[in-house]
Amino acid sequence: MLQSINQQPFFTAYMNNSKAQDLDKLASRLASPITIGGKTIFNRLWLAPMAGLTHSAFRKVLAHYGSCGLMFTEMCSAKAVPTEKPGISPVFNWHECELPNLVCQLVGATPEELIIAAKRVEEEGFFGVDINMGCSARGMIKREAGAALLKTPDMALAIVEAVREAVSIPVFIKYRTGWSDDIGPAVDLAKRFESAGADCLVFHPRVAPDKRTRPPKINHIRYIKEAVSIPVFGNGDITTQQHCQNMFDRTGCDGISIGRMAMARPWLFAEWTTGFMPEGNIFQDYVIRLADALEEDFDPIRALKRFRLFMIYFAANFRYGHSLQATFSTAKNMDDVRSMAKEHIRPNMELSITPNMNLYSL
């Protein structure tokens with residue numbers, strides 16, 4: 001049965017039902033610094049890259065709420081990056097203040113593509129570069145990029161070696177289990193990635209064809225962690241502090257990468273690492289801030305498209321999220337979004353402790 005409570009009591013109820021010492025322990029663990037490729041990151045709770053979602057506008061809002069250890073761009077095409085113009089490109093775009101804390105995710109099929117793009121990323125001043133080996137969208141697979149590289153481990157390794165040789169900034173790899181449930185190939189790849197010079201692995205324990213129809217096999221992260229000496233971050237269906245603690249306890253991973261839940265509640269980074277307690281109608285505040293940021297960073301058509309992508313995850317916060325999503329789907333511009341937020345996002349709306357999966361899994 002879906003658990004639901006009113007917005008303001010939500011946070012108090014959550015605290016009352018959790019052992020304070022356990023939350024303090026988790027916060028201490030998440031808030032401890034970690035060094036990746038010779039660079040120190042102030043905590044171990046990171047934003048996962050998400051196509052169409054972790055763009056400059058969302059990251060601006062996330063930065064407002066604070067405490068995200070490391071942010072990742074949305075997926076950028078390695079073929080396009082060398083000629084992209086920041087401020088014009090809807091994807092390869094950022095604010096200068098982000099760069100010390102921002103990793104650019106690249107997707108490509110060959111070492112030649114990735115080398116040129118990675119060099120551009122380093123020249124622009126990013127913290128690091130992330131190689132996408134997890135996206136299983138049809139277009140990526142057709143291009144033999146993303147998760148398709150897991151079918152050709154020698155090519156995947158060649159790409160990592162080439163990028164490592166081309167740049168001095170930290171090199172991250174985001175990848176999945178592979179194309180079958182056998183964890184063996186993923187473990188072997190982890191070892192080869194480390195030997196090739198990767199600085200950090202972010203592992204999502206699902207097979208590539210699985211569009212979140214089944215829960216991730218969290219224990220598989222432990223096999224990856226035990227196979228290498230470089231940091232390993234876990235990713236997959238983390239929606240509460242208890243889920244976060246369970247991933248640490250069951251896998252021994254070095255940190256946690258948050259995707260969809262960051263879209264739903266971006267203040268969770270501060271909540272989980274510092275004990276921040278949201279006050280007032282923070283959900284309304286969030287939507288209005290995002291509308292403002294989208295309007296500043298994108299043309300009206302792109303801004304609206306990106307808002308509609310985001311709304312799926314935001315609406316999943318609420319017991320009656322389908323109705324809320326339907327309401328906002330009629331917005332024609334960011335002025336409409338702001339007006340709807342003021343009218344329809346009220347302090348007494350019923351929330352679910354974990355997201356409405358009927359929306360959240362889209």
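I take contact to mean heavy atoms within 4.5 Å. Helices (H or I, at least four residues) and strands (E, at least two) are DSSP runs, which I number from the N terminus. Buried stands for under 20% relative accessible area, exposed for over 50%, and partly exposed for what lies in between (1.4 Å probe, protein chains only).

**Ground rules.** The model is predicted, so I keep local features only at pLDDT of at least 70 and side-chain atom pairs only at pLDDT 80 or more, while totals for chains, interfaces and linings use all residues. Residues are numbered from 1 along each chain as its sequence is written, and side-chain values use heavy atoms, with hydrogens and water left out.

**Entry: helix α6.** I started with α6 (residues 153–166), which has 14 residues. Its first and last C-alpha are 20 Å apart, close to the 20 Å expected at 1.5 Å a residue; the expected span is 1.5 Å times one less than the number of residues. Its buried residues are A156, L157, I159, V160, A162, V163 and R164. What do they pack against? I find α4, β8, β9 (171–178) and α7 (184–196).

**Entry: aromatic pairs.** Searching the whole structure gave me 22 aromatic pairs. Rings of Phe, Tyr and Trp (its six-membered ring) pair if their centres lie within 6.5 Å; planes under 30 degrees apart are stacked, over 60 edge-to-face and the rest tilted. F92 is in the loop between β6 (76–77) and β7 (102–107), and F126 in the loop between α4 (111–124) and β8 (128–133), so the pair ties together parts 34 residues apart in sequence. F92 counts as buried at 1% relative accessibility, and F126 does so at 2%.

Next I checked W267 and Y286, an edge-to-face pair with 5.9 Å centre to centre and 85° between the planes. W267 sits in the loop between α10 (260–264) and α11 (268–274), and Y286 in helix α12 (residues 282–297), 19 residues apart. W267 is buried, with a relative accessible area of 0%, and Y286 is buried at 0% too. Which cluster do ring pairs build here? I see Y65, W267, F283, Y286, F307, F310, F314, F318 and F328 linked into one.

**Entry: charges over rings.** My test asks for NZ of Lys or CZ of Arg within 6 Å of the ring centre and within 35 degrees of the ring normal. The charged end of K39 sits over the ring of F127, 4.9 Å from its centre. K151 lies over the face of W179, at 4.1 Å from the ring centre.

Entry: On a 1 Å grid over the protein atoms alone, a cavity is a set of points where a 1.4 Å probe fits but cannot get out; a pocket is an open set with protein on both sides within 12 Å along at least five of seven lines, and lining residues have an atom within 4 Å of a point. I found two cavities of 30 Å³ or more.

The largest pocket comes to about 880 Å³. Of its 36 lining residues, P49, M50, A51, R176 and R212 lie nearest its centre. Which element gives the largest share of the lining? It is α13, with four residues.

Technical notes. Grid points are joined across faces, edges and corners, and a volume is the space filled by probe spheres set on the points.
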